[in-house]
Amino acid sequence: MVISSLHINNNTLNTPASIGILSKKDLVQNNATDITTVINTIPGVFMQSSNFTTSRISIRGIGARTPYGTNKIRAFYGSIPLTSGNSETVIDDIDLENINQIEVIKGPLSSVYGAGLGGAILISPQISKEETAGVSSVFGSFGLLKNNLHYNLNQKNASLNISYHNLKMDGWRQNSAYNREGITIAGELFKQQNSKLTYFSNYTFLKAFIPSSINKETFDNNPKSAAATWLASKGFKEYKSTLGGLAYDFKINENTNNSTSVFINYKDSNEPRPFDILRQYTFAAGARTQFSGNFKINTIENKFIVGAEFFSDNYNGNTFENLYQQNNGNGSLAGNQLSESTQKRNFYNLFSQIRTMLSAKFEIQAGLNYNKTQFELKNYSLNATQNYSYDGIFSPQLSILYKPNEQQTVYFSASRGFSLPATEETLTSNGTINPEIKPENGYNFEIGGKFYFFNKSLYTELNAYRIQIKDLLVSKRVGDDQYVGINAGETLHQGIEITLNHTKQINSFFTLSSYFTASLGNYEFQNFEDNGNNYSGNKLTGVAANKINSGLSLNTKYRIYLSADYQFVDKVPMNDGNTAFSDSYSIINLKTGYQLEILPHLNSQFAFGINNVTNEKYASLILPNAVGIGNASPRYYYPGLPVNYYATISLNYLF
């Protein structure tokens with residue numbers, strides 16, 4: 001399996017780390033609208049999502065306690081960071097049909113991508129090498145409708161890929177209508193034998209109503225309900241987001257290459273909530289340069305990467321009164337301004353990695369990342385400006401790899417990673433910076449093997465890991481949308497991950513493909529006290545310790561196929577005290593389709609699918625450590641979709 005060209009290796013067998021890879025075929029295996037289903041097939045990765053609008057990704061339990069959204073993980077679209085200066089990562093805006101491949105690096109094993117505690121997600125844009133045009137549509141339950149148009153042009157010295165999509169859904173819960181549209185442009189310019197310029201651009205407009213979380217009683221008896229205050233205020237979020245970048249790759253000489261990129265990322269958002277209306281504006285820019293190549297010391301071959309990354313963003317946030325109770329049932333209405341703040345956040349990473357092939361069977365890989373982060377906070381309510389920076393962080397990595405033959409690999413890796421606090425976690429309750437807050441940091445140890453068997457028809461991957469995290473950040477809720485952080489303890493993350501992929505030609509008519517992945521984990525608090533409560537030894541909040549995915553796909557020579565997927569998710573601790581757990585659940589999805597050639601160069605595909613065949617009731621997202629207001633029960637639950645149906649149709653013309 002080929003991996004990103006920015007790695008020091010060119011395939012997974014030469015990589016002394018666990019990297020989950022989703023191909024183009026994997027990404028559209030379901031209904032091509034929601035990334036959650038496909039990304040959860042990667043062992044060790046747990047993505048929770050509610051109606052497209054709210055999601056959280058944790059890797060090996062890291063990031064599971066984040067109240068809303070994803071942090072402790074870095075993500076890139078090509079060479080453009082999707083992670084903000086506030087450590088928040090959003091990958092949902094990228095249409096699945098505009099993605100060629102996704103790689104998930106698990107754990108702090110990548111010096112090149114910032115040594116994040118959870119790891120990194122690398123999204124490769126779809127850049128066609130042919131001239132094609134196409135249209136596709138998805139129709140489904142609860143008003144699901146997605147339309148996609150694309151055109152790809154490939155010439156000797158340049159290429160153009162342009163795609164437009166619109167995704168709508170009425171939603172199955174109250175106040176859950178969703179609308180997203182976007183346009184993506186990508187391609188290459190000035191292509192020559194030793195150089196090329198790659199360009200990327202993505203614009204997204206989104207408006208999504210928010211039903212919010214509900215308590216246990218409502219989840220059991222009326223999961224379609226929205227939280228009462230969110231329904232009354234008709235709460236929603238909307239934003240316009242634009243990202244763009246240029247990357248220039250050239251060959252300096254026979255042994256050295258360079259890849260240099262610049263990017264911008266703009267987001268303008270509006271989010272009326274029952275307790276206030278939040279308006280935010282962010283503009284980010286940055287650059288990255290990376291030199292790679294090879295050299296020999298006597299007869300020993302070495303490959304190297306060395307480079308630097310700079311990132312800066314400017315944030316402005318305002319809150320206003322929400323006078324929805326005075327708006328005659330028409331939803332949110334902005335009143336007086338409550339607060340205003342601006343933040344300037346920037347960091348730089350210096351990184352290096354070397355791969356030394358001691359012999360045909362043994363090699364060593366080592367890496368080092370250095371990060372320096374600083375920010376400026378201006379609070380207009382307090383008429384105060386504060387500057388702060390963290391001490392520089394060194395994150396080393398060392399791996400040993402043994403290849404008994406060309407189809408099998410055994411490796412051991414040790415690495416250190418870190419996670420920067422979100423800005424809100426660095427603040428005191430009165431809105432000033434708490435200088436005592438430190439980044440989380442941890443050490444990762446991993447041993448594993450990757451093996452092909454039976455003439456490469458069976459791929460097997462097995463690994464075991466142990467991650468010890470110190471200076472654990474705990475978010476305390478001190479207001480409706482106000483959290484403060486403290487470094488309160490340690491967590492231990494350890495487990496085993498298994499991947500099996502098998503393809504068998506049954507006869508001249510049938511081909512059977514199957515997969516099985518499993519995550520068996522033990523995530524727990526160590527030396528953790530909060531508000532006088534000792535939670536040491538408790539299960540880590542917000543993540544299932546065990547998860548299993550499997551699937552079958554039967555293909556015929558007449559291009560008719562049938563596929564089935566199964567997912568099991570273990571119970572999830574919902575609070576640090578382990579006094580409440582969500583139920584475990586199992587989901588079965590079915591799909592059948594037919595591909596045909598209507599005319600020479602004109603192909604079509606029809607498909608029909610059923611998700612959650614058994615109509616399982618489950619929580620697709622848990623709000624960790626939810627707190628009930630007054631005598632109300634905590635609202636932990638975001639209900640998952642019941643049984644739902646979809647159909648797809650597509651036409652594609654190859655010029």
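**Close-up views of a predicted model**

**View 1. Glu-309 and Arg-74 are both buried, and their side chains meet in a salt bridge.** Buried here means under 20% relative accessible area, with exposed over 50% and partly exposed in between (1.4 Å probe, protein chains only). This is a predicted model, in which local features need pLDDT of at least 70 and side-chain atom pairs count only at pLDDT 80 or more, while totals for chains, interfaces and linings use all residues. Residues are numbered from 1 along each chain as its sequence is written, and side-chain values use heavy atoms, with hydrogens and water left out. The N to O distance between Glu-309 and Arg-74 is 2.9 Å; a salt bridge is a side-chain nitrogen of Lys or Arg within 4 Å of a carboxyl oxygen of Asp or Glu. Because Glu-309 belongs to strand β16 (residues 300–322) and Arg-74 to strand β4, the pair ties together parts that are 235 residues apart in sequence. Strands (E, at least two residues) are DSSP runs, numbered from the N terminus.

**View 2. Arg-288 also forms a salt bridge with Glu-309 (3.6 Å, N to O).** Arg-288 sits in strand β15 (residues 277–297) and Glu-309 in strand β16, so this pair joins parts 21 residues apart in sequence. Arg-288 counts as buried at 6% relative accessibility, and Glu-309 is buried with a relative accessible area of 4%.

**View 3. Lys-72 and Glu-440 bring their side chains together in a salt bridge (3.1 Å, N to O).** Here distant parts of the chain are linked: Lys-72 is in the loop between β3 (54–59) and β4, Glu-440 is in strand β22, and 368 residues separate them. Both Lys-72 and Glu-440 are buried.

View 4. Strands β4 (residues 73–77) and β7 (residues 119–125) run parallel and are joined by 5 bridges; two strands pair if DSSP finds at least two bridges between them. Take a look at Ala-75, which stands opposite Ile-121 in β7.

**View 5. A nonpolar surface patch covers about 950 Å², with Leu-398, Phe-412 and Tyr-443 among its residues.** Such patches are made of residues with over 30% relative accessible area and no salt bridge, nonpolar side chains (Val, Leu, Ile, Met, Phe, Trp, Tyr) being joined within 5 Å. β18 (362–379), β20 (393–405), β21 (408–419) and β22 (440–453) each supply at least two of the patch residues. Leu-398 has its place in strand β20, and at 44% relative accessibility Leu-398 counts as partly exposed.

Notes:
Patch = residues over 30% accessible without salt bridge, like charges linked within 9 Å, V, L, I, M, F, W, Y side chains within 5 Å. Areas by Shrake-Rupley, 256 points an atom, 1.4 Å probe, with all protein chains shown as cover. Helix = DSSP H or I, 4+ residues; strand = E, 2+ residues; numbered from the N terminus.
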